[in-house]
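Please consult the sequence and coordinates shown here.

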Amino acid sequence: MSPTYPPDREAAGRRLLDAHLHLLDRQVLDTDSVPVTAVSDLEISDLDSGEEIPRGTAPPRIEALLSGPVFATRAFGGRPPASRLHRIAWSDVSSVDVVLRLRVRSDSLEASWGERWVRDRIIGRIPGARHDPE
Amino acid sequence: MILSELLTAEVRGDAPVGFVVDVRFVVDAPGEPDRAPEARLYGLIVSPHAKFSPMGFERKDLASPWPIAQIQGWLHRGSFLVHWEDVAAIGRGWVRLRPGFTRYDARLPEEARTLDEDW
């Protein structure tokens with residue numbers, strides 16, 4: 001077994017992240033440190049499933065973080081339909097650490113629609129809920 | 001393609017060699033200031049004996065906590081990294097490698113940067 005990384009030497013001095021270890025199930029915070037969601041899966045740029053990959057093909061890239069109801073499918077197999085997964089573009093990620101931070105506010109993300117719905121339709125109708133406590 | 005299609009996929013060379021337990025990406029140098037650097041697939045971490053996550057123990061020679069390190073070391077003995085160039089095809093639940101593929105050490109090179117720096 002080779003101890004080094006000879007085919008892509010320039011990558012050695014860069015950040016190498018392992019998707020399962022560093023991204024899956026991590027908390028996502030928006031630019032104001034408001035919790036948005038957790039990472040359920042990753043969207044990787046398309047490869048033709050089962051087709052031969054010609055030598056020299058550019059490697060796939062992370063396109064987006066996906067979040068959605070994956071608890072049941074992890075326990076029992078399968079995967080949720082694509083329509084149930086919310087997408088956060090990778091270009092909106094500003095850092096990867098113990099949590100993932102975004103450079104956008106959660107209000108602009110589809111992933112936080114449930115929270116916005118509860119805030120506007122339920123919490124917001126409680127008298128006194130639309131202003132700071134005095 | 002989504003990541004979960006790759007994780008736990010069976011990896012075959014001339015014969016079955018293991019399972020994908022993680023997918024390593026290299027984060028490119030920052031380009032435009034308001035855009036995250038691209039993360040491109042660098043290689044697949046393949047474990048010959050287990051489908052479980054190695055929990056990062058394969059990245060460095062970690063020895064603690066001792067019981068976990070021992071269990072992980074045993075479960076993932078013989079793990080290796082397959083570079084993207086050695087991947088011949090990817091299907092649902094399987095990955096085929098090119099003939100004569102190289103088994104690279106899954107540990108990080110000394111000069112690899114940590115993730116806790118701002119992009």
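Q: Among contacts in chain A between residues at least 6 apart in sequence, what percentage join residues at least 24 apart?
A: This is a predicted model, in which local features need pLDDT of at least 70 and side-chain atom pairs count only at pLDDT 80 or more, while totals for chains, interfaces and linings use all residues. Residues are numbered from 1 along each chain as its sequence is written, with chains lettered from A and ligands numbered from 1 in the order in which they are written. Two residues are in contact if their C-beta atoms, placed from the backbone, lie within 7 Å. For chain A, among contacts between residues at least 6 apart in sequence, the share joining residues at least 24 apart is 44%.

Q: In what order do the secondary structure elements of chain A run from the N terminus?
A: Helices (H or I, at least four residues) and strands (E, at least two) are DSSP runs, numbered from the N terminus. Chain A contains three helices and eight strands. Their order is β-α-β-β-β-β-α-β-β-β-α.

Q: Why is strand β5 of chain A largely enclosed by the rest of the structure?
A: A residue is buried if 20 or more other C-beta atoms lie within 10 Å of its own, exposed if 12 or fewer, and partly exposed in between, with C-beta atoms placed from the backbone. Of the 134 residues of chain A, 31% count as buried. Strand β5(A) spans residues 62-67, and it is largely enclosed because the buried residues among its six number five.

Q: Which residue is the bridge partner of Ser67(A) in β6(A)?
A: On one side, β5(A) pairs with strand β4 (residues 41-44) of chain A over four antiparallel bridges, and Ile62(A) in β5(A) stands opposite Ile44(A). Four bridges also join β5(A) to strand β6 (residues 86-89) of chain A, again in the antiparallel sense. There, the partner of Ser67(A) is His86(A).

Q: Among contacts in chain B between residues at least 6 apart in sequence, what percentage join residues at least 24 apart?
A: Chain B has one helix and six strands, arranged along the sequence as β-β-β-α-β-β-β. Of its 119 residues, 37% count as buried. Among contacts in chain B between residues at least 6 apart in sequence, the share that joins residues at least 24 apart is 54%.

Q: How far apart in space are His83(B) and Thr102(B), C-alpha to C-alpha?
A: His83(B) lies in strand β4 (residues 80-83) of chain B. His83(B) counts as buried because it has 23 C-beta neighbours inside 10 Å. His83(B) and Thr102(B) are 19 residues apart in sequence, and their C-alpha to C-alpha separation is 7.8 Å.

Note on methods
Two strands pair if DSSP finds at least two bridges between them.
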